[in-house]
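Here's a quick briefing for anyone opening this one up for the first time. Take a look at the sequence and the model, then read on.

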Amino acid sequence: MLLSETTSNGFFFLAPWIVFFPLLGLLTNLIFGGWFMKQPWGEKAVGWIASAASGAAFVASALLAYSVSAAHGEMMRWTIGEWIHIGTLQLDWTFRVDSLSTTMMLVVSGVGTLIHIYAIGYMREDVRFKSDLGRYQRFFVFFNLFIVAMMILVGGDSYMMLFVGWEGVGLCSFLLIGFWYEMDTLARPSWANSNAAKKAFIANRIGDFGFLIAAFIMFWTFRSFQFDQVFEAAKNIPPGIIVAITLFMLIGVAGKSAQIPLYVWLPDAMAGPTPVSALIHAATMVTAGVYLIARSAPLYSLVPQAQNIVAMTGAVTALFAATIAVGQYDIKKVLAYSTISQLGFMVAAVGMGAYVAGMFHLVTHAFFKALLFLSAGSVILGLERGHHHLAHHEGHPSTSLRAGSEHEGNHSEEVFDPGDMRNMGGLRKTMPVTFWLYMIGTLALAGIVPFAGFWSKDEILLDANLHYPIVYWLLTIAAFFTAFYMGRQIWMVFFGEARHEAAAHAEESKPIITAPLMVLAALSILGGALNLPFEGFHNLTQWLGHTLGEVEAGDLNWMVAGISTVLALVAILVSWLIYGRNPLTKGQPDPLKKPLGFIFTGMENKWFVDEIYWAAFVDRYVDISRFLADVIDWRFWHDWFHDKVIAGTYNWLANVALNRYADQKGIDAFANLLGAATAKLSATLRKVQNGFVRSYALSILLGVVLILGYLLLK
Amino acid sequence: MNFFSEPLTILTFFPLVGVLVLLFLPSEKKNALRWTALISSLLTFGISLWALTMFTASNPDLQLVAKHDWITVAGWNIQYHLGVDGLSILLVLLTTFLTPISILSTWTAVEERVKDFMIFFTLLEVGMIGVFLAQDLFLFYIFWEFTLVPMYFLIGIWGGPRRIYAAIKFFLYTMAGSILMLLAILWLGIAGGTFSVPELILKGGIPADIQWWLFLAFTAAFAIKVPMWPLHSWLPDAHVEAPTAGSVILAGVLLKMGTYGFLRFNIPLFPEATLKAAPWIALFATIGIIYGAAVSYAQSDVKKLVAYSSVSHLGFVMLGMFALNAQGMEGAILQMINHGLSTGALFLLVGMIYEQTHTRELKVYGGLWKITPIYGSIMLIVALSSMGLPGLNGFVGEFAILLGAFGSTAIGSPWFAGVSAIGVIMAAIYILYMFQKMFLGPAGEITEHHKLRDLNLREIITVAPILIFIFWIGLYPAPFFNLMAPSVDKLVAALQTAAMAMR
Amino acid sequence: MVPVNYYIILSAILFTLGALGVLVRRNPLIIFMSIELMLNSANLAMVAFSSAIKSFSGQIFVFFVIAVAAAEVAVGLALIVQIFKSRHSINVDEMNNLKG
């Protein structure tokens, strides 16, 4: 462990432990988990070890935050080792402890630990519903791995270390979304969950491509990835290059933080168990993009053109996703699109340069969105318990939710979806604790004063109002929709009469599940205190100001606050008029369907974006890939060109041209000709040997005469 | 002439001792044969580690040199010249590392003619080590061609249904390129008066137009071996038909002989031609990256999928190498090692399930992670490494390569690296496709017909060393970079002087 | 004296007769007789010359020739008898087993 630049004592040495604690938890569960699970106390051990590891990371983060504040906001670096050193490329494993990173660390580990505790109870029931107790261990290994990766992301002192965590959380989302990889969300054997996991990873990878290009430009411009060095040198670089870097980074943000056009993985990601949705997609991973932009504030501040694009991307996404949320029937899908929409708020905020507002909303959103997701999980479990009870009462000892099992009797054709809001209703009576928790979360999300969401959303709207009017209007309309669809959700789920027997028999969740939610609820109520828009209460602004530089602290603008509150209340009223006053009955179509017609169809079907992507990109890639592989590479290049043309030509040359013609007809023929000629000659000459003595005698005589004659005549 | 004081001579020819022992063992004693071959290869690995301890990382020149005059008739100056430097030390270690692992993987996979198999495999090791250590062109050529023969037999006897076709194609295709290289070698040796590579480099002074033709001739041989697009058609056949151990060593080491050839011969001997060719090589490399990844995705045979992924991965290596800067070249050399480890591991793992099911069709698999959790987890790690997940080895090499290529003055345009970065997305697509089809989703039909067992201890021991390196190189690659950095810096400096001179 | 030429002409005539006899006649006995005639014609020529140049070499050579002729006839007649025993014919035209 290298010491670096330690002037004050503090707890800065704890920096690597934000990663090592969850890593220890992961390894313990990986190596010993199998043995644990065989013990009667095994499940509890696995769950609590993981939660303790995450909790230890939280304690470390808190101490680090304390150290920063004790050092008056001074930043500290802590290097644990060398990574890649090639020439001018000098990358190390260096942690950066400053107010921005400690804020993220606290959110990740704090909310993360609460969700770990929740998951102990939730997963216990989930593995029983899906009949695979052994998988409990694997869940917590992956969960701790996620904390490890996220901590690397927020704790890194360079863009590349951030990238390690960036891709690491992408991996974890793949592993956790596809946790029940052989099923779909209704526990039927299917490719659906694994496809959702794959989609998440690939959409993220497309974003990563953008990040990498930005990184390459960054290196060759600045020769460094380290934050301070880059920011220092950025002032002297032509803005065009900074625009390129920031916009390529935006592609990465669009992938990770689910903005247009790469948001499509997040709704599908609801295939994972609910704690996964809460942790990764509400509270932490998706906020990595927002953190990236906030961290890169010095770069973005130099290029207003890029800032405009970022802000507009965020604002359009916010509105777009909010419209889709209105038409969704699955309780988690509504929350998913709501997350995309709220991320749009955050991205718009940091895009506008309101970094503190964006971070503030990030923190409050972590509280209330995690609360909402986990409460939704509680609702789903409640319905599953109810369904389970029904199956029992009808004499079928079925413990599995799997459709098609022999025990399912007259339920075998109908598959029960515990997440479909059309199956819910009246849960206020059967699950009161969950109801109140959900209400708190909803009010926070809708931005009703004095809940946390109001303060953070208001600060964003305030900044937009001052500097970016278009963004302001888009976000305000999105806020209206937000309150509307949350209201719709509350009426559909908790009020009215149960639309399915399972809902009628739903049971409240145990304290291990509801206790962490109460903590989150408290945070959702009080969280606004982090950064109240009154003089002297700008806590977060001051805190983050140490890192982000002088940030203007906005005071409360009564008009903006008033408009947003009124709009939210109006939206809730309208939702009550439509969904609350005459609660839906079983089988009744959504009341908005008729009046809005094709608009509602669009909302219901997410504006067919997935279908368009499939047709335009995915299917085309498969076609191109198959064409290249079958036609071009195999049939043309491999079979025709190599086997027919090259090998065939050689065979022709060897067998036909040379063997048949040149060799057989040419050289062989000539050799044979020579032989034939010799034979002919010898046949002729053979005639001399006729065996007749007298002719031999004549020859002798002739010879003598010739020789004598020659000698005489010479 | 004390050969025993020359570590490299011992290293190269020690496996022959193993061959000798194997020859005297009766062919029925299969286990004795296997153990002999394994011990011989482990001892060779040990010798290579001993050579490593004598290697000074900070020295950019050739070390542990063994040099003797060999054929000096008729004015020819051929020497027996071995040497190792930062460019080759890691490749030698990779060879001696992967050979025992490959032999270990054949324990239950090869039951016929075990003696012949082990002899061929051990002979192959001699050839491979010799290729990486030879510093004389003639000697290099001998070792280069020598590796073809055992590989031909390995594929042709113990391979799949189309093994004869694949073996002959492999042999002839590679040899065709090698012949052109031989012409160039002869020209160099005769015109330069020596076949010794360091001396030829020192002499330099080959006129630029002749350099170009020599460069192309050497490229013919090496590009086929790498394989570079479009000369890759022999690879899918060879990999699909080869036995598992053959595939592992083919992908792990033999392909690296091609990339190593560029590094050892083309670049130092022909600097002007290298600078001229760099954008072209980058072009073909980029095409190879994208093409290999796209075609890989469309495959239904998992071994063919991995074969085409090799085309893509080695495209990265070529791109990084011809970026001709420190980041690109060090990334390329590291990626050679990484590819050997990851793709070797992939072939090992595919072979393990093939031993049980005798099919490689992806569509009959599915849901394996539930039945064989250890196998699934190991395959996941290796797949992520192949895909370049940061924190694992593949990323370090890929990142350095793309970074180097992006800002390379020799390549001249960031577009090659930019388009190649899309290969990162495409790699995720085909790797996840493979992983999903085999391990995720509902159980496929293969589980109905076969009772599958998870990895046994021997199989885990076979892949475990590779996993260790996957994490080590990913998290702390410094020792590996330190081994190669001085030699690479020297090479880059030489190229820069040549580039200056050209202007 | 009788001129040497007369003897030579006689010798030539005898030789020619003998050669013709060898070539034309089918009976090996006659052929042998013709060969004898040729030999004796040579003898005559030698004796004639020996007396003309007053040297004894010719006459001595004649003795050699007579001895050789006798030996040759002895062997040849023995061969003819053997041939007749196996073939029952002594027509030389029928003795062509050495035909090529």
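**A first look**

A network of salt bridges links A:Arg77, A:Arg96, A:Asp98, A:Asp157, A:Asp228 and A:Arg295; a salt bridge here is a side-chain nitrogen of Lys or Arg within 4 Å of a carboxyl oxygen of Asp or Glu. This is a predicted model, where local features need pLDDT of at least 70 and side-chain atom pairs count only at pLDDT 80 or more, while totals for chains, interfaces and linings use all residues. Residues are numbered from 1 along each chain as its sequence is written, chains are lettered from A in the order in which they are written, and side-chain values use heavy atoms, with hydrogens and water left out.

**Confidence**

- The model scores ipTM 0.92 and pTM 0.86.
- Chain C has a mean pLDDT of 92, with 99% of its residues at 70 or more (pLDDT is the predictor's confidence in each residue, from 0 to 100).

**Who touches whom**

- Chain B and chain C have no contact, and their closest C-alpha atoms are 55 Å apart.

**Salt bridges**

- Over all chains the count is 37 salt bridges, and three salt bridges cross the interface of chain B and chain A.
- B:Lys370 pairs with A:Glu182 in a salt bridge, with the closest N and O atoms 3.2 Å apart.
- B:Lys370 is partly exposed at 38% relative accessibility, while A:Glu182 is buried at 9% (buried means under 20% relative accessible area, exposed over 50%, partly exposed in between, with a 1.4 Å probe and protein chains only).
- Within chain B, B:Lys363 and B:Glu361 form a salt bridge at 3.3 Å, N to O; B:Lys363 is exposed at 61% and B:Glu361 is partly exposed at 26%.

**A buried threonine**

- A:Thr274 is buried, with a relative accessible area of 0%.
- Leaving aside neighbours within four places in sequence, A:Thr274 has contacts that include A:Tyr122, A:Phe373 and A:Ile380.

Methods. Contact means heavy atoms within 4.5 Å.
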